[in-house]
Amino acid sequence: MQSKSSAIDLKPLADGILDGDRAKLARAITLLESRRPDHQKAARQLVQILLPETGRALRVGITGVPGAGKSTTIDVLGTYLTGKGHRVAVLAVDPSSARTGGSILADKTRMEKLCADPNAFVRPSPSAGTLGGVAAKTREAMLACEAAGFDVVLVETVGTGQSETVVSDMTDFFLALMVPGAGDELQGLKKGLVEIADMIAINKADGDNVQRARAAAAEYRAALHILSPRSPNWTPPVITYSAKTGDGIAELWEKVTEHRQRLTASGEIAERRRAQQVKWMWAMFEERLRSKLATDPTLKAKLPQLEASVSAGRLSPALAVDEIVEALGL
Ligand SMILES: Nc1nc2c(ncn2[C@@H]2O[C@H](COP(=O)(O)OP(=O)(O)OP(=O)(O)O)[C@@H](O)[C@H]2O)c(=O)[nH]1
Ligand SMILES: [Mg+2]
């Protein structure tokens with residue numbers, strides 16, 4: 001049977017991406033983000049074609065509460081990196097963009113320099129429903145960026161626990177941005193963020209804020225001291241910097257590369273990626289199931305009835321699951 005996806009000629013698209021063509025890359029990501037079943041099928045084929053050319057970038061996740069300075073930092077850091085000869089892609093995971101109908105993250109207004117930089121590629125968060133859905137699309141976009149020769153991928157996310165875990169699960173280095181004087185310096189600790197952070201960077205250490213930033217850094221250092229680090233080869237550093245003046249940006253990046261070198265030598269980066277691949281597989285499978293539950297007409301009609309029967313005690317949950325599994329054709 002001729003599938004509709006064969007109408008999309010993937011070869012020129014894939015070739016364009018491999019040539020580093022940013023317009024083709026943008027088109028490919030639009031395809032990856034599409035919910036049309038034929039597009040999704042083509043997208044899966046495209047990812048498979050690109051796969052051998054992926055995996056070479058340094059993947060960095062960046063989180064911080066709204067206003068922490070993520071966009072400003074990415075603009076400055078990204079520009080610093082393209083200046084050093086890197087090609088930088090910026091992606092975002094923002095599940096709230098589905099609610100607001102537009103993406104707040106990776107906003108182009110606060111990344112003016114980077115957006116105009118021929119060696120950078122900035123893409124806002126996909127606005128597809130669930131966090132799982134958004135994450136799946138961002139992961140694939142990351143692979144496409146790598147195939148297009150971007151050797152640094154920065155993935156921005158909002159400071160909420162769930163999306164932070166998701167971004168930490170798709171990156172090699174997870175950077176937590178903090179601001180001094182937010183009242184409760186150890187806010188991040190309570191959320192468990194510090195347990196997944198590979199570095200804490202306190203932004204806005206400029207002007208009157210320098211002392212406050214240093215004091216905040218001391219508090220974080222003391223708090224980190226009592227936690228056991230994720231890796232025996234890496235104790236997350238706490239640094240201060242200013243995205244506004246650029247002070248400390250070079251040192252920030254130095255820490256990222258030092259982490260990269262040490263954990264590559266110890267084999268932990270490779271191990272982290274292997275574990276991530278398997279996690280991605282299961283996350284994608286769950287997403288596929290969830291989407292089937294939501295879109296399959298028979299199931300869609302059946303589920304409310306099943307839920308009603310279970311809630312009324314007429315049907316046991318186990319038998320309801322049997323019916324769902326049968327309807328799914330498993
Ligand atoms: N003084 C000072 N202000 C900064 C610095 N970095 C960012 N800002 C300011 O902080 C505000 C928020 O910066 P953004 O980069 O938009 O912060 P964000 O984390 O991307 O915010 P959301 O996208 O809303 O989550 C802006 O007014 C910036 O100009 C800095 O290093 N020093
Ligand atoms: Mg922002």
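Modeller: A salt bridge here is a side-chain nitrogen of Lys or Arg within 4 Å of a carboxyl oxygen of Asp or Glu. The model is predicted.

Biologist: How far apart are the closest N and O atoms of Glu53 and Arg56?

Modeller: The cut-off for a salt bridge is 4 Å between the nitrogen and the carboxyl oxygen. Glu53 and Arg56 form such a bridge, and their closest N and O atoms are separated by 3.3 Å.

Biologist: Into which domains is the protein divided?

Modeller: The division runs along the chain. Residues 1-53 make up domain 1, residues 55-266 domain 2, and residues 280-328 domain 3.

Biologist: How much area do domain 1 and domain 2 bury between them?

Modeller: The size of an interface is often given as the accessible area lost when the parts come together. In this model 17 residues of domain 1 contact 22 residues of domain 2. Carbon and sulfur atoms carry 57% of the buried area, which comes to about 1,700 Å².

Biologist: How many residue pairs are in polar contact between domain 1 and domain 2?

Modeller: Two salt bridges are counted between domain 1 and domain 2. For polar contacts, with both residues at pLDDT 80 or more, the count is seven residue pairs.

Biologist: Which helix gives the most to the side of domain 1 that touches domain 2?

Modeller: The elements giving two or more residues to this side are helix 1 (10-18), helix 2 (22-33) and helix 3 (37-50). By class, the residues of this side are ten nonpolar, three polar and four charged. With seven residues, the most is given by helix 2.

Biologist: Why are Lys11 and Asp15 separated by about one helical turn?

Modeller: Side chains of opposite charge can pair when their charged atoms come close. Lys11 and Asp15 meet in a salt bridge, with N to O at 2.7 Å. They are about one helical turn apart because they lie four residues apart in helix 1.

Biologist: Which residue has a polar side-chain atom 2.6 Å from a nitrogen atom of ligand 1?

Modeller: Ligand 1 has 15 residues around it, and Lys70, Thr72, Arg110, Asp206 and Ala243 come nearest. Side-chain polar atoms of Asn203 and Lys204 each lie 2.9 Å from an oxygen atom of the ligand. The residue at 2.6 Å from a ligand nitrogen is Asp206.

Definitions and conventions: Residues are numbered from 1 along each chain as its sequence is written. Chains are lettered from A and ligands numbered from 1 in the order in which they are written. This is a predicted model: local features need pLDDT of at least 70, side-chain atom pairs count only at pLDDT 80 or more; totals for chains, interfaces and linings use all residues. Side-chain values use heavy atoms; hydrogens and water are left out. Domain bounds come from an automatic or database domain assignment. Contact means heavy atoms within 4.5 Å. Buried area is the accessible area (1.4 Å probe) that two parts lose on being put together, summed over both. A polar contact is a pair of N or O atoms within 3.5 Å; within protein, one must be able to donate a hydrogen and the other to accept it, and residues adjacent in sequence count only if both atoms are side-chain atoms. Ala, Val, Leu, Ile, Met, Phe, Trp, Tyr, Cys and Pro count as nonpolar, Asp, Glu, Lys and Arg as charged, and the others, Gly among them, as polar. A residue is near a molecule or strand if one of its heavy atoms lies within 4 Å of it.
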